[in-house]
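Subject: Structure handover

Hello,

I am passing this structure on to you. Please open it first, then read the notes below it.

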Amino acid sequence: EIARSVMDEAQDKNSWRLKAEEDKDFIRRFPAVVSEYEAWLESRRSEVVQAGKPGRGSTQASSASRFRGKLVPEVRECLLTGPKTTEEMKKLVQRKHPTLEIQEEDLLGSLNAKELDAIQVQGVWVLAGTGTESHDKFRKTLLTLFKHRDSVTRQDVMEEYERVHGEKCKLSDYIIRQQLREVAEKIEDGGQTIYVVK
């Protein structure tokens, strides 16, 4: 759109011409500037030509990137109800786009988007951030443990929190239980309570 405001595309679709006529007065008054820029353009001709002709791949990549950005809020909405596998996420997002096939690469691009702040743990995707810093510190500690272990105890999480953050967790018992419930399932194992990813 911007290019079309100052240039016309040739009929062969392989080149562009500036709409403005050549400024002969400027050329006459500043010959040194003109020759300097002609030399510079000549030395970078191939680079400039390539930059002026966006390839099919770059256009598709740009389009895919925009589409993935549009998927991020939908992916967040799905993850707000709890951990999901990539396949579950694909089915849920696909329902919102019945006329468009959701590609796994687009979904993974959205899931890995920095603004989503999701993390994959033991085959499921979970929102690492809730928007509340104190909750997020606990949640990220829990998720990091689950990346390396199949099950954890509450004591494991509290010790890891203190090791990582250099202080005891100050969240209320209610918030801790809530954070554990959102991500993990509680199991009684021989008189000990352990948590596993949902």
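Start at Lys186. Apart from neighbours within four places in sequence, Lys186 is in contact with Thr193, Ile194 and Tyr195. Bear in mind that this is a predicted model.

Lys186 and its strand

Lys186 belongs to strand S6. Is Lys186 buried or exposed? Its relative accessibility is 54%, and exposed means over 50%, so Lys186 counts as exposed. In sequence, Lys186 and Val196 are 10 residues apart. In space, their C-alpha atoms are 6.8 Å apart.

The sheet

Which order do the strands of this sheet take? The order is S5-S7-S6, in an open sheet of three strands with antiparallel pairing. Strands S5 (151-152) and S6 (184-189) are at the edges. Each has a single partner strand, so one side of each has no neighbour in the sheet. Helix H10, residues 173-183, packs on this sheet. H10 touches S6 and S7. The direction of H10 makes about 100 degrees with that of S6.

Now take the pairing of S5 with S7. Strand S7 covers residues 192-197. Two bridges join S5 and S7, in the antiparallel sense. Tyr195 in S7 is the bridge partner of Val152. Tyr195 is also one of the residues in contact with Lys186.

The second largest pocket

Next, a pocket. How much space lies in the second largest pocket? The figure is about 210 Å³. Its lining has 13 residues. Leu79, Leu80, Leu127, Arg139 and Glu182 lie nearest the centre of the pocket. Helix H5 (56-79) supplies at least two residues of the lining, and so does strand S4 (124-127). By type, the lining residues are five nonpolar, four polar and four charged.

The whole chain

Last, the overall numbers. The protein chain has 198 residues, of which 29% count as buried. How many helices and strands does the protein chain have? There are 10 helices and seven strands. Consider the contacts between residues at least 6 apart in sequence. Of these, 44% join residues at least 24 apart.

Where to look

For a quick tour, begin with Lys186 in S6. Go on to Tyr195 in S7 and its bridge partner Val152. Then view H10 where it packs on the sheet. Finish at the second largest pocket, with Arg139 and Glu182 among the residues nearest its centre.

Best wishes

Key
Residues numbered from 1 in each chain as written. Predicted model: local features only at pLDDT ≥ 70, side-chain atom pairs only at ≥ 80, totals over all residues. Heavy atoms only, no water. Pairing = 2+ DSSP bridges. Helix = DSSP H or I, 4+ residues; strand = E, 2+ residues; numbered from the N terminus. Contact = heavy atoms within 4.5 Å. Axes fitted to C-alpha atoms, helices over the stretch in contact; angles between N-to-C directions. 1 Å grid on protein atoms, 1.4 Å probe; cavity = no way out; pocket = protein on both sides within 12 Å on 5 of 7 lines; lining within 4 Å. Points joined across faces, edges and corners; volume = space filled by probe spheres on them. Nonpolar A, V, L, I, M, F, W, Y, C, P; charged D, E, K, R; others polar. Buried < 20%, exposed > 50% of the residue type's maximum accessible area, 1.4 Å probe, protein only.
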